[in-house]
Amino acid sequence: MWKIMKKNVNVFVFYFVFVASLIVILKLITGNEITTAFMIIAGILVFLLVFASTFTNEQYEEKNKGYAFLDTLPVTAREIVEAKFALVLLAVGLCVGLLVILFSLSASAPETIAIAQSYVLFMGVVCLILAGVNYIGIFALGYTKFLIFVGSGWLALGFVPVIIMKTYQGRMDYLKETVLNFYAGIDWLVVIPSALVVYFVLMLVAAKVRHLKSA
Amino acid sequence: MNHIVEIDNLRKVYKGFTLDNISLNIPKDSILGLIGPNGAGKTTTIKILMDMIQPQSGSVRIFGMDHRKNIKHVRNRVGYVGEEQHFYGDKTVAWTGKFVSEFFDNWDTNMFQKLLTDFTISRTKKTKELSKGTKVKLSLAIALSHNPELMILDEPTAGLDPVIRREVLELLRTFPEDGNKSVIISSHITDDITRIADYVAFLIEGKIALSEPKDELLSKWKRIHYKDGALEDRISNTLTSQKTHMFGNSGITMDYPALKEVIAEGVAREEIKVENVDLDDVLIALVKGE
């Protein structure tokens with residue numbers, strides 16, 4: 001699996017160094033306290049790392065007909081998919097891990113730190129699941145076609161904050177409290193293993209889809 | 001196990017094309033030429049052998065193993081050159097060699113380096129900068145450098161210049177001489193197959209139209225030229241690819257040994273002439289089905 005992973009690892013390293021640098025710079029700017037802006041940007045950066053690196057790699061595979069090349073080597077379709085999924089897991093783990101450590105080093109109140117850590121873990125889990133779904137989409141439709149779907153999806157997501165603001169107009173404190181309670185209430189001992197199981201299932205589905213598409 | 005590849009009743013249905021009940025056995029130490037016009041199903045058959053396409057039914061055994069269940073093992077022992085060569089275009093030849101070497105158990109770096117030198121492939125060139133012919137040679141170098149027991153090549157000589165084409169064919173011709181090694185080569189250039197194959201299989205519209213040892217086939221298939229009245233109707237009616245021209249008539253027999261005695265007198269009187277056919281003639285006769 002490492003043989004395939006290391007082909008793609010450069011892109012992940014590039015984006016990881018980029019994101020990690022931004023996080024550290026952000027931390028230096030925002031100071032020792034965890035601010036809402038820092039939290040939100042950190043979450044977006046986890047997204048950026050996963051999506052940018054995955055899509056860059058898949059664009060590269062499509063451009064070079066990389067899967068056609070790999071299919072001539074002694075490696076199974078499942079091993080190729082496993083390598084892709086393992087790399088995303090590693091990237092998310094490292095990025096979320098870095099943020100969790102940074103948050104724990106801050107001078108904020110322990111409850112704030114716990115919520116911030118819970119938030120980035122949540123973002124990590126969402127990224128993992130979305131990355132899994134992305135791979136299924138890419139293997140089913142091809143990178144270029146899937147990109148059109150994702151583009152439309154992101155466009156639709158742009159309306160979500162507007163809808164939320166409209167829905168909770170005049171009740172922003174209530175919304176904030178609800179969100180904070182949500183993050184504080186997540187049982188990570190249950191959610192992380194469950195997310196990994198879902199991710200594993202998505203990987204199996206992606207491998208199956210890739211195998212069927214090659215037929 | 002006398003056969004290195006055993007194909008049994010393969011069937012693959014596409015919209016507008018069906019690969020229908022393909023059965024073939026390829027003996028060890030031999031070269032099989034898979035001949036057919038474009039779109040006959042040669043690439044589909046070869047991709048099924050490499051498990052790049054899954055058939056709807058039928059089975060393939062390579063080295064005595066179910067190839068799909070053992071595809072890693074099979075690919076480890078097979079040198080494959082596809083009809084199109086795909087490499088990571090921004091990577092160099094040296095990188096490509098190093099990358100693929102890690103997947104094969106029996107990779108021979110010295111052989112790879114030697115083949116690059118023999119084929120005059122620059123190690124530092126990016127693969128996207130290589131010509132089509134050089135890409136084929138790089139594919140061939142990769143395929144040969146892990147000591148395969150079976151080479152599977154899909155139209156490897158298409159688009160190659162005559163010099164490189166001859167080099168490639170010569171290399172393949174001598175490949176089984178090491179013992180226990182075989183080659184499956186598909187081509188619509190019958191000259192290539194004539195030059196190197198021991199066995200030929202003609203694939204026409206998704207079906208095996210004919211499969212025989214090449215020399216046996218060419219000894220049975222002959223073109224008969226005859227003057228009007230020199231051949232009995234019952235014989236001339238069995239000939240295919242019949243032509244009538246100002247010098248007389250001609251047609252191809254698929255069973256010359258059975259005719260030899262019967263037409264001996266006509267041959268002696270020079271009213272009948274027997275001419276060897278080439279695989280092109282056989283292919284055309286099979287395609288036209290006359």
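**Figure 1. Contacts of Lys181(B) in the predicted model.** Beyond its neighbours within four places in sequence, Lys181(B) touches Lys28(B), Asp29(B), Ser30(B), Pro148(B), Glu149(B), Phe175(B) and Pro176(B). The model shown here is predicted. Lys181(B) sits in the loop between helix 6 (162–174) and strand 8 (182–187) of chain B. Its relative accessibility is 14%, so Lys181(B) counts as buried.

**Figure 2. A salt bridge between Glu155(B) and Lys42(B).** The two side chains meet at 3.4 Å, N to O. Glu155(B) belongs to the loop between strand 7 (150–154) and helix 6 of chain B, and Lys42(B) to helix 1 (residues 42–49) of chain B, so the pair ties together parts 113 residues apart in sequence. Both partners are classed as buried: Glu155(B) has 9% relative accessibility, and Lys42(B) has a relative accessible area of 4%.

**Figure 3. A salt bridge between Glu102(B) and Lys98(B).** The closest N and O atoms of Glu102(B) and Lys98(B) are 3.4 Å apart. Glu102(B) is partly exposed, with a relative accessible area of 25%. Lys98(B) reaches 55% relative accessibility and counts as exposed.

**Figure 4. A salt-bridge network in chain A.** Glu58(A), Glu61(A) and Lys84(A) are linked by salt bridges. Glu61(A) lies in helix 2 (residues 36–64) of chain A and Lys84(A) in helix 4 (residues 77–104) of chain A, so the pair ties together parts that are 23 residues apart in sequence. Glu61(A) is buried at 1% relative accessibility. Lys84(A) is buried too, with a relative accessible area of 3%. Over all chains, the structure holds 18 salt bridges.

**Figure 5. A nonpolar surface patch on chain A.** Phe18(A), Leu22(A), Ile25(A), Ile29(A) and Leu48(A) make up this patch of about 450 Å². Helix 1 (residues 2–30) of chain A gives the largest share, with four residues. Ile25(A) has its place in helix 1 of chain A. At 45% relative accessibility, Ile25(A) is partly exposed.

**Figure 6. An open four-stranded sheet in chain B.** The strand order is 12-13-11-14, and the pairing is antiparallel. Strand 12 (240–245) and strand 14 (272–276) of chain B form the edges, each pairing on one side only. From one strand to the next, the twist averages 20°. Five bridges join strand 11 (residues 222–226) and strand 13 (residues 248–253) of chain B in the antiparallel sense. In this pair, Ile224(B) stands opposite Gly251(B) of strand 13. Helix 10 (residues 256–268) of chain B lies across strands 11, 13 and 14 of chain B. The helix runs at about 140° to strand 14 of chain B.

**Figure 7. The hairpin of strands 9 and 10 in chain B.** Strand 9 (residues 199–204) and strand 10 (residues 207–213) of chain B run antiparallel and are joined by six bridges. Tyr199(B) stands opposite Pro213(B) in strand 10 of chain B. Two residues lie between the strands. Glu205(B), in this hairpin, takes a positive phi near 45°.

Definitions and conventions:
Residues are numbered from 1 along each chain as its sequence is written. Chains are lettered from A and ligands numbered from 1 in the order in which they are written. This is a predicted model: local features need pLDDT of at least 70, side-chain atom pairs count only at pLDDT 80 or more; totals for chains, interfaces and linings use all residues. Side-chain values use heavy atoms; hydrogens and water are left out. Two strands pair if DSSP finds at least two bridges between them. Axes are lines fitted to C-alpha atoms, for helices over the stretch in contact, and angles run from 0 to 180 degrees between N-to-C directions. Contact means heavy atoms within 4.5 Å. Buried means under 20% relative accessible area, exposed over 50%, partly exposed in between (1.4 Å probe, protein chains only). Patches are made of residues with over 30% relative accessible area and no salt bridge: like charges are joined within 9 Å, nonpolar side chains (Val, Leu, Ile, Met, Phe, Trp, Tyr) within 5 Å. Accessible areas come from the Shrake-Rupley method with a 1.4 Å probe; for residues, only the protein chains shown count as cover. A salt bridge is a side-chain nitrogen of Lys or Arg within 4 Å of a carboxyl oxygen of Asp or Glu.
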